[in-house]
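Please look over the sequence and the structure below.

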Amino acid sequence: MSRAFLIVMDSLGIGGAPDAGAYFNEGRPDTGANTLAHIAAAHPLHLPVLDGLGLGAALRLASGAEAPGLVAAPQGLWGAATEISRGKDTPSGHWEMAGVPVPWDWTYFPDTRPAFPAAVTARIRALAGTEGILGDCHASGTEVIEAFGAEHLRTGWPICYTSADSVLQIAAHEDAFGRDRLLALCRDLAPMLHQMRVGRVIARPFTGAPGNFHRTAHRRDFAIAPPGDTILDIAQGAGRVTHGIGKIGDIFSLRGITHLHKGGSDADLADHLIRLGGTAEPGSLTFANFVEFDALYGHRRDIAGYARQLEWFDAVAGRFLATLAPGDLAIFTADHGNDPGWHGTDHTRERVPVLGHGAGCRGVGLVSFSDIGASVLSHLGLPAPRHGASFL
């Protein structure tokens, strides 16, 4: 029985979203954002595996852009996907590619000080047992820790911040505040935020001293549950084994996942993916997210770092594909954009690549995010999700 692997290169947009003008960074529309093209323009890329599958062709299809170094004739299945959910965030992208477009408008916090309603602030204080909170604003995660870390150590108050995403993040020192205490705070706060249609409460533990703070690998996302059955639910309900790599468990609230594989870095996650390429059960579904493109390079607008990460991942993809058996399907895609050559620090509204190994050599054109999940289930011989149609 053949297997399926769905691999998300978090934030690798390829431009061309038809509604990009309705989404903003620092008050300016996302029209023209193109994560892959702007990286390649500044740092010509060597991606023989991904480009061999059709990455350069997908870029040209999505946005008409050319990318130095991405000129190979496709040898895999290739296309570009357009999102219909009204967001440019992690849950929206992943849920929709899993067959569940988001049916509501997310709640976003204003770019003001304070950013959070008084009731939310009061709930955080009560759960944390503190007289106040720090931050209470839109901020970059690393910058907010540098700005408020010393005061956090002095007062014990949690550092609370948000972004253009539907999210509330809480940073606290693993030793002085306590990692378990931070996780409990975020877990207990999440139901209130989910009722407000805020997508995620994220725990952001860090260590170190003023001038030398470092976020740790113990991030935890408490995400609202998908409002319908995803491809993971359908596969597990049919008796198939499902594997989640990276933050897939957090994104789907651990629903539909038989085995969860986490790690401290994308390198750890790559080891899991390559191992599962050789050992995952017949008929199984493996769903992976590689987050460092987004978290370390996109938000920080680090073009060179993003380019290096892409070239590292291309080598990982080659090692992984070498483990697959005849009949296995692997699809590489993304959940949104995060153009490191763009203004601001937030995600960008873009189309994403769809690159397939094990499904022949052909273009599938412009598809929807939901078509990705429908294709995965079609390959596994399972019923289609409510949304999407197979392009296989």
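What follows is a short walk through this model.

The model is predicted: local features need pLDDT of at least 70, side-chain atom pairs count only at pLDDT 80 or more, and totals for chains, interfaces and linings use all residues. Residues are numbered from 1 along each chain as its sequence is written, and side-chain values use heavy atoms, with hydrogens and water left out.

The protein chain has 13 helices and 16 strands; helices (H or I, at least four residues) and strands (E, at least two) are DSSP runs, numbered from the N terminus. Its radius of gyration is 20 Å, close to the 21 Å that the globule rule gives for 392 residues, so the chain is as compact as a globular protein of that length. The radius is taken over C-alpha atoms, and the rule is 2.2 Å times the number of residues to the power 0.38. Along the principal axes, the C-alpha atoms fill a box of roughly 60 × 45 × 35 Å.

Of the 392 residues, 59% are buried, meaning under 20% relative accessible area (1.4 Å probe, protein chains only). In soluble globular proteins, nonpolar side chains tend to be buried together. Here the largest nonpolar core has 83 residues, and Phe-287, Phe-320 and Phe-332 have the most contacts inside it. Such a core is a set of buried Ala, Val, Leu, Ile, Met, Phe, Trp, Tyr and Cys residues joined through side-chain atoms within 4.5 Å. Helix α12 (residues 303–321) gives the most to this core, with eight residues. Apart from it lies another core, of 23 residues, among them Ala-128 and Phe-222.

UniProt, in an unreviewed entry, lists Asp-294, His-299 and His-347 under "binding site". These three span 54 residues in sequence, yet no two of their C-alpha atoms are more than 8.4 Å apart, so they gather at one spot. UniProt positions are given in the numbering used here, feature names are shortened, and annotations may be inferred rather than shown by experiment.

Asp-294 is found in helix α11 (residues 292–298), whereas His-347 is in the loop between β14 (329–333) and β15 (352–357). Asp-294 is buried, with a relative accessible area of 5%, and His-347 is buried at 2%. Leaving aside residues up to four places away in sequence, Asp-294 has contacts that include His-299, His-336 and His-347; contact means heavy atoms within 4.5 Å. On the same terms, the contacts of His-347 include Asp-294, His-299 and His-336.

Technical notes
Buried < 20%, exposed > 50% of the residue type's maximum accessible area, 1.4 Å probe, protein only.
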